[in-house]
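Let's take a walk through this protein model together. Keep the structure open beside you and follow along.

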Amino acid sequence: MDRSQKEAVVTELNGVFNEAAVVVVAEYSGLTVAQMTELRVKMRDAGASFKVTKNRLARLALDGTDYSSLSDKLKGPVGIAYSSDPVAAPKVATDYAKGNEKFVVIGGAMGATELDPAGVKSLASLPSLDELRGKLVGLLQAPATKIAGVLQAPAGQLARVLAAKAEQG
């Protein structure tokens, strides 16, 4: 890799770190190519990405971003999972780590807040952004449904009383 390619990688990673809502650092030592491909597919399906880069280049890209505290975690064979949804990358990384002992979550960061492995795990246990939106829409629709039911009830009662009178008379 020549100097211009390295500069392009650093620029690309810097853009990733500036736009990501969360970054997770994980050790992948011993994973096969098939397992790495499976992990990347799961990440992509969840709206996240997993990237393996040279640690030195990643450290250079971290300078000037909120994630500069992750520099000390970039040692050995580590990869970086990131997403714009604060829950997607941690959720996939922790789920994959449960099923594969060779994939170990080292830590991460959410903006300037550094996360240890337990912090990443607790972030992964939160509902995703889409799930939260669905719950919010459900909460907003519930009162409207109740109001419609209350408004229809008197009309229904009146109709039943008139029907009963018509049957009697």
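**Finding your way around**

The buried residues of α4 pack against β1 (22-27), α2 (33-46), β2 (48-52), β3 (78-83), β4 (104-110) and α5 (117-124). Here helices (H or I, at least four residues) and strands (E, at least two) are DSSP runs, numbered from the N terminus. Contact means heavy atoms within 4.5 Å, and buried means under 20% relative accessible area, with exposed over 50% and partly exposed in between (1.4 Å probe, protein chains only).

A quick word on where this comes from: it is a predicted model, in which local features need pLDDT of at least 70 and side-chain atom pairs count only at pLDDT 80 or more, while totals for chains, interfaces and linings use all residues. Residues are numbered from 1 along each chain as its sequence is written, and side-chain values use heavy atoms, leaving out hydrogens and water.

Which residues of α4 are buried? They are Ala88, Ala89, Pro90, Val92, Ala93, Thr94 and Tyr96.

Now look at the largest nonpolar core, which has 21 residues. (Such a core is a set of buried Ala, Val, Leu, Ile, Met, Phe, Trp, Tyr and Cys residues joined through side-chain atoms within 4.5 Å.) Val24, Leu39, Met43, Phe50 and Phe103 have the most contacts inside this core. The elements β1, α2, β2, α4 and α5 each supply at least two of its residues, and α4 gives the most, with five. Another core, of 18 residues, lies apart from this one and includes Val10, Phe17, Val23 and Ala58.

Next, the sheet. Five strands form an open sheet in the order β2-β3-β1-β4-β5, with antiparallel pairing; two strands pair if DSSP finds at least two bridges between them. Because β2 and β5 (113-115) are at the edges with a single partner strand each, one side of each has no neighbour in the sheet. Further in, β1 and β3 run antiparallel and are joined by six bridges, and Val24 sits opposite Ala81 in β3. On the sheet you'll also find α2, which packs there and touches β2 and β3.

Finally, zoom out. The chain holds six helices and five strands. Its radius of gyration (taken over C-alpha atoms) is 26 Å, well over the 15 Å that the globule rule (2.2 Å times the number of residues to the power 0.38) gives for 169 residues, so the chain is more spread out than a compact globule. Along its principal axes, the C-alpha trace spans about 95 × 35 × 25 Å.

Key. Axes fitted to C-alpha atoms, helices over the stretch in contact; angles between N-to-C directions.
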